[in-house]
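Trainee: Before I use this model, I would like to go through it with you step by step.
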Amino acid sequence: MIKPCAVYTRSTIPSINNRTILYVDYPIVPSGGGQFSLVTMVCNLKSWEPFIAASQYTDAYDAAIAQGISVTICPIRKWSFPFDLFRAFLLVDRINPAIIHCNTATTFFTFVYALIARLKKIPFIWHSRVMDTAGWKDAVILKLSNKTIAISEAVKRKFGHSADTQKISVLYNAVDTKHFFDGMETAALRKTLGIANDNLVIGVFSRLDWWKGHMVLINAMRKTLDHINTDKVTLLIAGDGPCKDEITVKAQSTLIGHALLLNHRADVPHLMNLCDIVVTPSTEPEAFGRTIIEAMACGKPVIATNLGGPLEIITHGHDGFLSTPFAEPLAILLEMLILDPALRANIGANALNTVHKRFTVEKQIARLEKIYGTLN
């Protein structure tokens, strides 16, 4: 169901000034990290007026709408391409943005807006948030872009080396520490979820997809529980996605009485505060690892696999732990943290310091606005 963000026409789009940035987005449903990261950015801009045009609606945009940011649905579909292209041109013409900032992977949607920007001589920024490569298609979008932002050095490396890669700047994702912070009251939430006060909680917060590593974590939990022989540990799995049924069956059959599966939730900061340990067990490289810095902002020790972006976030043994994406090494780290509350506290405190030094939204916006300034 479309939320209150109808497709605007020339007569209904509000008057826009020349400090407007048009953010174009091709979201996944349920919302992914790219959408939440985009909304965090636009809700914290200081010197620019954001306007979001998306191919479809997703709940991540609720926070933007609540803050008074305009959101419109403007898909680019091959079966209705002439009409959609005309409507996209009309939208860009009416808004007349100073910059078009594209928050999508290498898609037809991305190409169309990059081409519109080029034809209308509007600076175009491509925000690359995925590790997947698209070969020559990547090269075309990179060529059409005035600037490309990669969310990690790992993402930047996928483009290889060419004259156009000089356009790429690395800008890490950020966490809004007004929403993610340590010390939230969680007693009522724990009671509601039926988690005993003396249970240690291990959380995983991600889309339920095959490569997010839930199966590996479940197997690692089974090994850990068998070795330390405790019934006072709960695995909390929060999220939704295409592998929900398989993950649910695996968790319930392997971790009988120790698994709590929740759907996509709006109270993630409180859930993270309820956890004692947070794990990001991805079996493929993460482009960044947004939930890692969110958990760190809540003062939690994080275990992540040593693939892609997490290597740029965590210093192993100082503010978190890195593991290979297999059950055995993950189980060893889980056991170490479960049995050592002082270590959990120390790592969590260091994690909190790391976030405030490197990953606050204020630092991200300051750098982003400098990038915008170079294009005007």
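Trainee: What is the mean pLDDT of the chain?
Mentor: This is a predicted model, so confidence comes before geometry. Of the residues in the chain, 95% reach a pLDDT of 70 or more. The mean pLDDT of the chain is 93.

Trainee: What radius of gyration does the chain have?
Mentor: The C-alpha atoms fill a box of roughly 65 × 45 × 35 Å along the principal axes. For 376 residues, a compact globule would have a radius of gyration near 21 Å. The chain agrees with that expectation, because its own value is 21 Å.

Trainee: How many helices and strands are there in the chain, and what share of its residues count as buried?
Mentor: The chain has 15 helices and 13 strands. Among contacts with a separation of 6 or more, 69% join residues 24 or more positions apart. The chain exposes about 16200 Å², with carbon and sulfur atoms supplying 55% of that area. As for burial, the share of the 376 residues is 57%.

Trainee: How many disulfides does the structure hold, and how far from cysteine 298 is the nearest cysteine sulfur?
Mentor: A disulfide is a covalent bond between the sulfur atoms of two cysteines. The cut-off used here is 2.5 Å between the sulfur atoms, and the structure holds zero disulfides. For cysteine 298, the nearest cysteine sulfur belongs to cysteine 275, at a distance of 9.2 Å.

Trainee: Is cysteine 298 buried or exposed?
Mentor: Buried means a relative accessible area under 20%. Cysteine 298 has a relative accessible area of 0%, so cysteine 298 is buried.

Trainee: Which residues does threonine 186 touch, leaving out those up to four places away in sequence?
Mentor: Threonine 186 lies in the loop between strand 7 (168-170) and helix 7 (187-193). Its relative accessible area is 15%, so threonine 186 counts as buried. The residues touched by threonine 186 are His270, Asn273 and Leu274.

Trainee: With which residues is aspartate 209 in contact, leaving aside its neighbours within four places in sequence?
Mentor: Aspartate 209 sits in the loop between strand 8 (200-205) and helix 8. At 17% relative accessibility, aspartate 209 is buried. One of its partners, cysteine 243, is also buried, with a relative accessible area of 14%.

Trainee: What is the phi of lysine 121?
Mentor: Most residues other than glycine have a negative phi. Lysine 121 is found in the loop between helix 4 (108-119) and strand 5 (124-128), and counts as exposed at 74% relative accessibility. Although lysine 121 is not a glycine, its phi is positive, at about 60 degrees.

Trainee: Where is asparagine 229 found, and what is its phi?
Mentor: Asparagine 229 is in the loop between helix 8 (214-228) and strand 9 (233-238). Its relative accessible area is 69%, so asparagine 229 is exposed. The phi of asparagine 229 is a positive value in a residue other than glycine, near 55 degrees.

How values were computed
Residues numbered from 1 in each chain as written. Predicted model: local features only at pLDDT ≥ 70, side-chain atom pairs only at ≥ 80, totals over all residues. Heavy atoms only, no water. pLDDT = per-residue confidence, 0-100. Buried < 20%, exposed > 50% of the residue type's maximum accessible area, 1.4 Å probe, protein only. Helix = DSSP H or I, 4+ residues; strand = E, 2+ residues; numbered from the N terminus. Contact = heavy atoms within 4.5 Å. Rg over C-alpha atoms; globule rule 2.2 N^0.38 Å. Areas by Shrake-Rupley, 256 points an atom, 1.4 Å probe, with all protein chains shown as cover.
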